[in-house]
Structures are given as C-alpha cells and as structure tokens.
Amino acid sequence: MATSITVAWYVPVVLYIVFIHTVYPWFRKAKLLHAKDIEFTTLFVLHYFFAALYAWIAVVFFGNIQFNTLTLFILCVGAANGFAAYCSWRADQISISLGAIFGFMDDVIAIGLGFLILNETKYLGVGVSVGLALCASTTVLLAIENYFKKQASKEHIAPRFFLYVLVYTCIWGIASFLMR
C-alpha cells in the first residue's frame, strides 16, 4: 500500500493545478460567474465548494476514507477554519487597515496558551512579555475608544467588526497553539 501512495504523490498536485488554476478561473473569466454581481457569501460558498470538490476527488482516488473520531475532528477543524476565513473577510470588508492592526492577535493567543498550558517560560522573557502586553492592551484600548466614540455619536467602527476579529483571532490562535 505504501508503494501506491508514494507512486501517486503527484495526483493531488495535478488535481490542484487542474481545478484551482484552470477550471475555477475559467468559470470566472468566462463570465459564468459575474463576481461583481454575486453576493459575497455566494462567492465564499463557491470558493469552499471547489476546495471540497478537490478533497473528495482525492479521497475517491485513494479510496481509503474512514469515518471515525479523527475524521470528525478533521472536519470540525476545517469547518472552524472556514468560518474564521469568513470572519476575516467580513472584517476586511469593514476596514482592511484595522484588520491588519489586529492581525497579530492570533499569535498573542498562541504564545499565551503556550505559556499557560505548555509552560514555555524559557521562551517568554521580560521583553516578549512586555511586548505581548502592549500589543494586547492597544487593541483593547482601540475597542474602548470606539465605544466612547459611539456613545458621543461620532464616527466609529461597526461593533460587528470587533466580533469578526474576535472570532477569527481566537480560532486561528488556538489552531496555531494546537500545531505545537
């Protein structure tokens, strides 16, 4: 069985090239999918539809799918990652520059969890600790400032932006931690 897998390593690569770089762009360029006329959520669904199609073709080709707890866990992680990507895209639609400011928070979560759970104190010195605290406090202060702007009826960021950022940073922060 190991021989068939090592011989066929190129199959997922070829499928990726065919579907992602030829079929999907053909749909877009042939104006079968008018991206500017389609809602964001529909484009999002199409994006993940092609990814799922690619995965199922690989599964059928290799023919060794097993539905057990590991498969369920992998499906749940994939669904969470997809939802995090959705939240990231929605946050970027509100403000891409503010989304970039919050982009490091998933790393702060991963480092913090590593410190608390894995006892990685040797990597977390005084400088890194102060840096993490400053980064986290600036994002909290930005949210507090936005709240007071809203109370004063000044121009402010939509509260759902912070919800989107919270969701995707938590999911990706925990995922980064779990990869350790």
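Which residues line the second largest pocket? Point 2 takes this up, after a word on the model.

1. **Basis.** This is a predicted model: local features need pLDDT of at least 70, side-chain atom pairs count only at pLDDT 80 or more, and totals for chains, interfaces and linings use all residues. Residues are numbered from 1 along each chain as its sequence is written, and side-chain values use heavy atoms, with hydrogens and water left out.

2. **Second largest pocket.** Its lining consists of Phe73, Val77, Ala80, Asn81, Ile171, Trp172, Ile174, Ala175, Leu178 and Met179. A pocket here is an open set of points on a 1 Å grid over the protein atoms alone, where a 1.4 Å probe fits, with protein on both sides within 12 Å along at least five of seven lines; lining residues have an atom within 4 Å of a point. The volume is about 230 Å³, counted as the space filled by probe spheres set on the points, which are joined across faces, edges and corners. α4 and α8 (159–178) each supply at least two lining residues. α8 gives the most, with 5. Helices are DSSP runs (H or I, at least four residues), numbered from the N terminus. By class, the lining has 9 nonpolar, 1 polar and no charged residues. Nonpolar covers Ala, Val, Leu, Ile, Met, Phe, Trp, Tyr, Cys and Pro; charged covers Asp, Glu, Lys and Arg; the others, Gly among them, are polar.

3. **Largest pocket.** The volume is about 640 Å³. Its lining has 19 residues, and Ala55, Trp56, Ile74, Leu75 and Gly78 lie nearest the centre. Two or more residues come from each of α3 (40–62) and α4 (69–94). α4 gives the most, with 8 residues. The lining divides into 12 nonpolar, 7 polar and no charged residues.

4. **α3 against α4.** These helices pack at about 145°, with axes 12 Å apart. Axes are lines fitted to C-alpha atoms, for helices over the stretch in contact, and angles run from 0 to 180 degrees between N-to-C directions. The contact (heavy atoms within 4.5 Å) involves Phe40, Thr41, Phe44, His47 and Tyr48 of α3. From α4 come Asn81, Gly82, Ala85, Tyr86, Trp89, Arg90 and Gln93. The classes are 6 nonpolar, 5 polar and 1 charged.

5. **α6 against α7.** The axes of α6 (residues 105–117) and α7 (residues 126–151) come within 10 Å and cross at roughly 130°. The two are therefore oblique to each other: angles under 35 degrees count as roughly parallel, over 145 as roughly antiparallel, 65 to 115 as roughly perpendicular and the rest as oblique. Met105, Val108 and Ile111 of α6 meet Leu132, Cys135, Ala136 and Thr139 of α7. This contact has 6 nonpolar, 1 polar and no charged residues.
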